[in-house]
Amino acid sequence: MPVKILKMNTNIDKDNLNSPRQPKIFNQSEVFIEGWYWVLPSQSLGVGEVKSVNIFGKDLIVYRGKDRRAVILDAYCPHIGANLAEGKVEGNELRCVLHRWKFDGEGICVDVPVLDEPVPVKAKTWPAAEQYGIIWIWTGETPQQPLPFILDWENQTLDFALGSQFSIDCHPHVILLQGIDTQQINLANKLPFKLVLEKQELNQNAIRFSGITNINGQSFWLKFYRRLFKSSLSYSVCYWYGTTSIVSLGNEFSHLHLMFTTRTLSGGKTQGQTLLMVKKQRNILGNLINILMLWVGKIMSDRLLKANSRILQTMQFDLKTPIKADLSIMQFINHLERQKPLNWKIWSLWRSRERKEEVREEREKREKWRDELVND
Ligand code: FES
């Protein structure tokens, strides 16, 4: 990918601070990255219920059958297009309201009332999963990555609580990068510690920024945090598909994780859900501490969202003058630019002229290889 080198000021390490000035994925409203995205809180879909949702411009329905599994389908019936959200759940299957064709959990037509045999047709289904009290969808044919998880905590049992749902007139990428904007964290929030973050790419779709710092200061909240986390604080932000971030705060004894999971609405606005997580405790005191931690997490996540919402809704993000302190932001942008972009609404691979060229070259190479194989 061609990358323009920005005009630098003297405080800049030129080897590290290259940033795409015309990003193709970052902060773009017409594309999104193939991945896992939140659909609904699990509790909002009871057995026998059907709900309609719009994810990245696509109309979908999600229903829960007797087996309690959440099934996600394209919204419009493959017969003549009635909205399946009007349909009725029967056992583990869904019956369309109009001509009463019935589809199973794989989308296969299993009954047509006016025929002896069902029609060999399939409603389009999408991979679905449930975790942390949320229903998730993979926006491609087969999941290529696990659901967002907390690094080093994969095998821990967690207590979790849903936080707030939010919508902000700003792209999710710009909202979520606030978690690694160390200038802003260090200055605007008047925090009595200095954050320096290091990046770690977990896989093609996940990147983590982390650092350890000391907490000073005498305000009520700082004293409270200090009691909770002792004197040193480990801070990390892990991003999945650029749209789910998990902010982890803690020390060697306890950690609090704030998940902000988002998706883009029309025009690049954000709709999101917060989720709070802590390690499960096995005794009464531990349970009470967890309830307190989750409550603190809810307050913190709401405060974080509220803190800059006005600024975010009026800014026009353009990193024209990066300095060293913006390194994490640029690493985040570069990480996003290497992922698989899909078109808004049709969910097909997004191809620019350059990408078409790449595909053409790949095809030519493959054909040449096949020719050589045949000629041998
Ligand atoms: S439109 Fe659904 S069965 Fe006819």
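The following conversation concerns a predicted model of one protein chain.

Biologist: What is the mean pLDDT of the protein chain?
Modeller: The mean pLDDT, the predictor's confidence in each residue from 0 to 100, is 86, and 85% of the residues reach 70 or more. As this is a predicted model, local features need pLDDT of at least 70 and side-chain atom pairs count only at pLDDT 80 or more, while totals for chains, interfaces and linings use all residues. Residues are numbered from 1 along each chain as its sequence is written.

Biologist: Where does pLDDT stay under 50?
Modeller: That applies to residues 1–16, for which the model has 24 contacts beyond four places in sequence. Two residues are in contact if their C-beta atoms, placed from the backbone, lie within 7 Å.

Biologist: How many helices and strands are there?
Modeller: The protein chain has seven helices and 20 strands. Both are DSSP runs numbered from the N terminus: helices are H or I with at least four residues, strands are E with at least two.

Biologist: And how much of the chain is buried?
Modeller: Of the 376 residues, 31% are buried. A residue is buried if 20 or more other C-beta atoms lie within 10 Å of its own, exposed if 12 or fewer, and partly exposed in between, with C-beta atoms placed from the backbone.

Biologist: Which residues have the most contacts inside the largest nonpolar core?
Modeller: They are Val62, Ile72 and Trp136, in a core of 70 residues. Such a core is a set of buried Ala, Val, Leu, Ile, Met, Phe, Trp, Tyr and Cys residues joined through C-beta atoms within 7 Å.

Biologist: Which strand gives the most to this core?
Modeller: Strand β16 (residues 232–240) does, with six residues. The core draws at least three residues from each of domain 1 (36–138) and domain 2 (158–337); these bounds come from an automatic or database domain assignment.

Biologist: What does Trp136 touch?
Modeller: Beyond four places in sequence, Trp136 touches residues including Trp36, Trp38, Ala128 and Leu147.

Biologist: Back to β16. How does it pair with β15?
Modeller: The two strands are antiparallel over nine bridges, with Trp240 of β16 as the bridge partner of Ala206. Two strands pair if DSSP finds at least two bridges between them.

Biologist: What do the buried residues of α6 pack against?
Modeller: Their partners are β1 (31–33), α1 (172–176), α2 (182–187), β14, β15 and β16. The buried residues of α6 (residues 327–337) include Leu327, Ile329, Phe332 and Leu336.

Biologist: New topic: in what order do the strands of the open sheet lie?
Modeller: The order is β6-β7-β8-β9, with antiparallel pairing. The edge strands, β6 (88–90) and β9 (109–111), each pair on one side only. Two bridges join β8 (residues 102–103) to β9, where Cys109 stands opposite Phe103.

Biologist: Lastly, where is Trp350 found?
Modeller: Trp350 is in the loop between β20 (341–343) and α7 (353–375).

Biologist: Why does it count as buried?
Modeller: Trp350 counts as buried because it has 20 C-beta neighbours inside 10 Å. Leaving aside neighbours within four places in sequence, Trp350 is in contact with Val31, Pro341, Leu342 and Asn343. Its C-alpha atom is separated by 9.0 Å from that of Phe32, 318 residues apart along the chain.
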